[in-house]
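Hi,

Here is the structure I promised to pass on to you. Have a look at it, and then read my notes below.

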Amino acid sequence: MPDEKETKKIRRIGVLTSGGDSPGMNAVVRAVTRTAMHYGIECVGIRRGYQGLINSDFVILNADMVRHILGRGGTILYTARCAVSFWRNMCMVISQRYLL
């Protein structure tokens, strides 16, 4: 029987950028991706903010994808702002799709 640590090991994480662009977003995406890879964790980029969660707009991030992104403006995952009414629908869809 596997011990408790093995059954709860993180295997995949998601990175999402939302709202307006700001300096350093690509640096964070790169750092999260590289750290995840170091620990053997798959890193999934979620494109276009929360809209990407609803539309399943995902990309597997790897070293090649984040190698030369520090000097680029914006974020390689793109970003989007959401209307307040969007949040209620988003929470329902995400909870049904990913948490249940």
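First, a term you'll need: a residue is buried under 20% relative accessible area, exposed over 50%, and partly exposed in between, using a 1.4 Å probe and protein chains only. By that scale, R12 is exposed, at 58% relative accessibility.

Two notes on reading the rest. This is a predicted model, where local features need pLDDT of at least 70, side-chain atom pairs count only at pLDDT 80 or more, and totals for chains, interfaces and linings use all residues. Residues are numbered from 1 along each chain as its sequence is written, and side-chain values use heavy atoms, with hydrogens and water left out.

Now the layout. The protein has five helices and three strands, and from the N terminus they come in the order α-β-α-β-α-β-α-α. Both kinds of element are DSSP runs numbered from the N terminus (helices: H or I, at least four residues; strands: E, at least two). Strands β1 and β2 run parallel and are joined by five bridges; DSSP has to find at least two bridges between strands for them to pair. Within this pair, V15 sits opposite G45 in β2.

What about salt bridges? There are four in the structure, each being a side-chain nitrogen of Lys or Arg within 4 Å of a carboxyl oxygen of Asp or Glu. One of them links E42 to R12, with 2.5 Å between the closest N and O atoms. E42 lies in strand β2 (residues 42-46) and R12 in strand β1 (residues 12-16), so this pair ties together parts 30 residues apart in sequence. E42 is partly exposed, at 28% relative accessibility.

Another salt bridge brings D57 and R47 together at 3.6 Å, N to O. D57 is in the loop between α3 (49-55) and β3 (58-61), and R47 in the loop between β2 and α3, so parts ten residues apart in sequence are tied together. D57 also forms a salt bridge with R48, at 2.8 Å between the closest N and O atoms. Through shared partners, R47, R48 and D57 make one network. R47 is partly exposed at 27%, and R48 is partly exposed at 39%.

Finally, of the protein's 100 residues, 27% count as buried.

Cheers
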